[in-house]
Amino acid sequence: MSSIYQHIITAKAKGEKLLAVLIDPDKMKLEAVSSFISKINQSIATHIFVGGSEVDEGITEILVDKIKKHTSLPVVLFPGDVIQITDKADGILFLSLISGRNPEYLIGKHVEAVSRLKGTNLEVIPTGYLLIENGKETSVQRVSKTKPIKRSEIQIIKDTAKAGEFLGMKLIYLEAGSGATHAIEPEIILKVKQKLTIPLIVGGGIKSIAELKSAYNAGADLLVIGTAFEEDEAFFNDIKK
Ligand code: 1GP
């Protein structure tokens with residue numbers, strides 16, 4: 001099987017759009033996993049991301065183990081902290097919070113992660129993570145003690161994303177924050193996309209097919225949706241294969 005990253009690159013080259021369903025271990029009940037995953041399997045989703053801002057140690061591993069029993073989709077860790085690392089998953093977004101200036105989230109946690117990654121078969125995918133403001137404080141902001149970039153600061157958003165690419169990151173993730181009132185505007189996606197040669201992930205606040213389509217049309221290669229499915233599983237009916 002080709003690597004997770006290679007699959008993303010190939011899809012981008014072919015213009016095929018990807019969708020990750022984000023599962024927060026803090027919110028997903030183990031008894032609900034099989035029916036939730038069955039809905040994912042019947043949908044156009046291509047990836048399952050697992051992670052959250054505040055998750056107790058051990059919870060992620062139990063959840064990922066259970067998810068893997070019900071799907072052949074790649075399960076990728078999207079960790080808020082090193083304690084969410086588990087070799088039960090297939091890969092990990094190795095996130096640098098490049099919109100912020102907290103050294104812990106630029107390099108500190110990464111050093112801590114190395115000993116936890118040793119001996120695992122996780123595919124490590126370096127990812128530049130940009131938090132874009134959303135009108136209210138997000139959990140990423142609270143936990144990382146960093147400021148998001150304002151939506152009006154387009155030049156800074158574009159330059160930060162490009163700096164991530166120049167630093168060798170393999171993906172750029174534009175994040176409005178889980179449960180954001182407004183998803184990232186297509187105009188911002190388009191302008192960032194024009195600067196990048198690497199794939200672009202967009203997430204936070206996407207709640208409808210219309211928003212999904214406009215984010216794809218603006219240039220997002222992979223969208224991440226969590227809250228919309230948590231709040232209403234009927235949304236899966238709109239994205240059936
Ligand atoms: C959050 O980008 C993801 O980190 C998904 O956001 O929960 O708002 O879909 P939502």
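**Exercise 1.** Identify the residues that come nearest to the ligand in this predicted model.

*Solution.* Start from the shell of 14 residues around the ligand, where a residue is near if one of its heavy atoms lies within 4 Å. Within this shell, Glu-175, Gly-179, Gly-205, Gly-226 and Thr-227 come nearest. Next, sort the shell by class: five residues are nonpolar, eight polar and one charged (Ala, Val, Leu, Ile, Met, Phe, Trp, Tyr, Cys and Pro count as nonpolar, Asp, Glu, Lys and Arg as charged, the others, Gly among them, as polar).

The model is predicted: local features need pLDDT of at least 70, side-chain atom pairs pLDDT 80 or more, while totals for chains, interfaces and linings use all residues. Residues are numbered from 1 along each chain as its sequence is written, and side-chain values use heavy atoms, without hydrogens and water.

**Exercise 2.** Which side chains place an N or O atom 2.4 Å or 3.0 Å from a ligand oxygen?

*Solution.* The 2.4 Å distance belongs to Glu-175. The 3.0 Å distance belongs to Ser-178. Taken alone the ligand exposes 310 Å², and the protein buries 97% of that (Shrake-Rupley method, 1.4 Å probe).

**Exercise 3.** Find what the salt bridge between Glu-233 and Lys-39 connects.

*Solution.* The two side chains meet at 2.7 Å, N to O (cut-off: a side-chain nitrogen of Lys or Arg within 4 Å of a carboxyl oxygen of Asp or Glu). Glu-233 lies in the loop between helix 9 (227-231) and helix 10 (235-238), and Lys-39 in helix 2 (residues 33-41), so the pair ties together parts 194 residues apart in sequence (helices are DSSP runs of H or I, at least four residues, numbered from the N terminus).

Terms used
Polar contact = N/O pair within 3.5 Å; in protein donor to acceptor, adjacent residues only side chain to side chain. Helix = DSSP H or I, 4+ residues; strand = E, 2+ residues; numbered from the N terminus.
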